[in-house]
Amino acid sequence: MKNFPLSDLQLLEIIKKFPTPFHIYDERTIRSNYQRLLNAFNWVPFKEYFAVKATPNPKIVKLLADDGAGADCSSLPELLIANMAGLTGKNIIMTSNDTPIEEFEEALKLDAIINLDDISHLDFLAKNVKLPEMLCFRYNPADISNEGNDIIGKPAEAKYGLTRKQIFEAYKSATELGVKRFGLHTMVASNELYTQIFLTTAEIMFNLAVEIKHKLDIELEFINLGGGIGIPYRLDQKPVDLEAVGKGIHKLYDEILVKNNLRPSLAMESGRAITGNAGWLVSTVRHLKHTYKNYVGLDSCMADLMRPALYGAYHHISVVGKENKPLDYIYDVTGSLCENNDKFAIDRELPKIDVGDILIIHDTGAHGHAMGFNYNGKLRHAELLLRENGEVEMIRRAETIDDYFATLNLES
Ligand SMILES: *Cc1c(COP(=O)(O)O)cnc(C)c1O
């Protein structure tokens, strides 16, 4: 069974006040996911920079910030969201790519940590803005590891990061240009469930830190292992064993770093692992259609959740009040977009569905509402937050037609 924090009755009460469709997030689950990550790394100075792009809502970033988390931003609006949540300075890391000048300017204004995606950005930053006292570089470990997955691809094919050779050149040049403090970053995994991937990544990074020390006499202040911790979208998948990840990385930290007299702090920038299983898309059945297949037509569409259409991703679906009914019907669950891949599920076994049924699409808390778009004139729906005291707060209203037309120039 998938978790859902409300009883059917409570949900129906909420729907009376906030009509479907909406995403609803659970504060308690978000907080406990964050604590579990912290606990896994309680043996080392550790910081989680929540990846704002997963759930770019200041209220979500703020509730994590209240518990000590920072923010990982990769655009100017995301920097502003982090700042709206009260974050500044080294509580923000900017991990962007193909970065415009204005983003660097805003990051420097906030005194955020800047994580450079390319060696050429060093001169670009020095020339167009200025170099900060501290810099981080993103390493692409394609020279060592070329596994990968569907979302992020193989490191050698990935546009991100510096090559091994460039990493050494970058720290050397930055030192010559007056930068004094350094971090190192990578992100190779995405939605990864296997412990070993995280250990291999840590091992590569720790060895690189030792090499940087030996070759350049630079001691890194922190190593950021990126995001990419997966969640079990399917019922038969198991959550990442964060305790095993923490323990395994602890061992490597001692064997590689401490042995070489290095003690950098560690960081991650998880999005999915924090909010993924703490959000649900709640939607009502608008039409049933029986042609060559059986279709359930919802009042939401891929503008509210792109992952199934984009990656063929599985999202579990349950039907309110029919949780214990036999799954003896097969449906395609669709939205209303004029795109045939606008389907939340294909050939899904579900109980018999009626018009007006409420469907809960699970695990939509990360990279869900955030990926929304307006194709076909579709408007993005509201976001609700279920607080720990049981109150429900609307943390983003639904878009209106006026919002949709706001950017048009209708002058003749
Ligand atoms: C997307 C992204 C993340 C978060 O990824 P999750 O899979 O949500 O953990 C972290 N860092 C960077 C640089 C990203 O692009």
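These questions and answers go through helix packing, cavities and a few loop residues of a predicted model. Residues are numbered from 1 along each chain as its sequence is written, and side-chain values use heavy atoms, with hydrogens and water left out. In this predicted model local features need pLDDT of at least 70 and side-chain atom pairs count only at pLDDT 80 or more, while totals for chains, interfaces and linings use all residues.

Me: How are α2 and α3 oriented to each other?
Reply: Helices here are DSSP runs (H or I, at least four residues; strands are E, at least two), numbered from the N terminus. Helix α2 (residues 27-40) and helix α3 (residues 58-66) pack at about 45 degrees with axes 10 Å apart; axes are lines fitted to C-alpha atoms over the stretch in contact, and angles run from 0 to 180 degrees between N-to-C directions. Angles under 35 degrees count as roughly parallel, over 145 as roughly antiparallel, 65 to 115 as roughly perpendicular and the rest as oblique. The two helices, α2 and α3, are therefore oblique.

Me: Which residues of α3 make the contact with α2?
Reply: Contact means heavy atoms within 4.5 Å. From α2 come Glu27, Ile30, Arg31 and Tyr34. The residues of α3 in this contact are Ile60, Leu63, Leu64 and Asp66.

Me: How many charged residues does the contact of α2 with α3 have?
Reply: Ala, Val, Leu, Ile, Met, Phe, Trp, Tyr, Cys and Pro count as nonpolar, Asp, Glu, Lys and Arg as charged, and the others, Gly among them, as polar. The contact of α2 with α3 has five nonpolar residues and no polar ones. Its charged residues number three.

Me: Why are α5 and α6 described as roughly perpendicular?
Reply: The contact joins Ile101, Phe104 and Leu108 of α5 to His121, Phe124, Leu125 and Asn128 of α6. The axes of α5 (residues 101-109) and α6 (residues 120-128) come within 11 Å. The helices count as roughly perpendicular because their axes cross at roughly 70 degrees.

Me: What is the volume of the largest pocket?
Reply: On a 1 Å grid over the protein atoms alone, a pocket is an open set of points with protein on both sides within 12 Å along at least five of seven lines, a cavity is a set where a 1.4 Å probe fits but cannot get out, and lining residues have an atom within 4 Å of a point. Grid points are joined across faces, edges and corners, and a volume is the space filled by probe spheres set on the points. The lining of the largest pocket divides into nine nonpolar, eleven polar and eight charged residues. The volume of this pocket is about 720 Å³.

Me: Which helices each supply at least two residues of the lining of the second largest cavity?
Reply: The second largest cavity has a volume of about 70 Å³. Its lining includes Phe41, Phe198, Thr201, Val245 and Ile249, and by class it has eight nonpolar, two polar and no charged residues. The helices are α8 (195-216) and α9 (242-257).

Me: Which peptide bond is cis?
Reply: Pro21 lies in the loop between α1 (8-17) and β1 (22-26). The cis bond, with omega near 0 degrees, runs from Thr20 to Pro21.

Me: How far apart in space are Asn277 and Asn33?
Reply: Asn277 is in the loop between α10 (272-275) and β10 (279-290). Not counting residues up to four places away in sequence, Asn277 touches several residues, including Asn33, Arg272 and Asp363. Asn277 and Asn33 are 244 residues apart in sequence, but C-alpha to C-alpha the distance is 9.0 Å.
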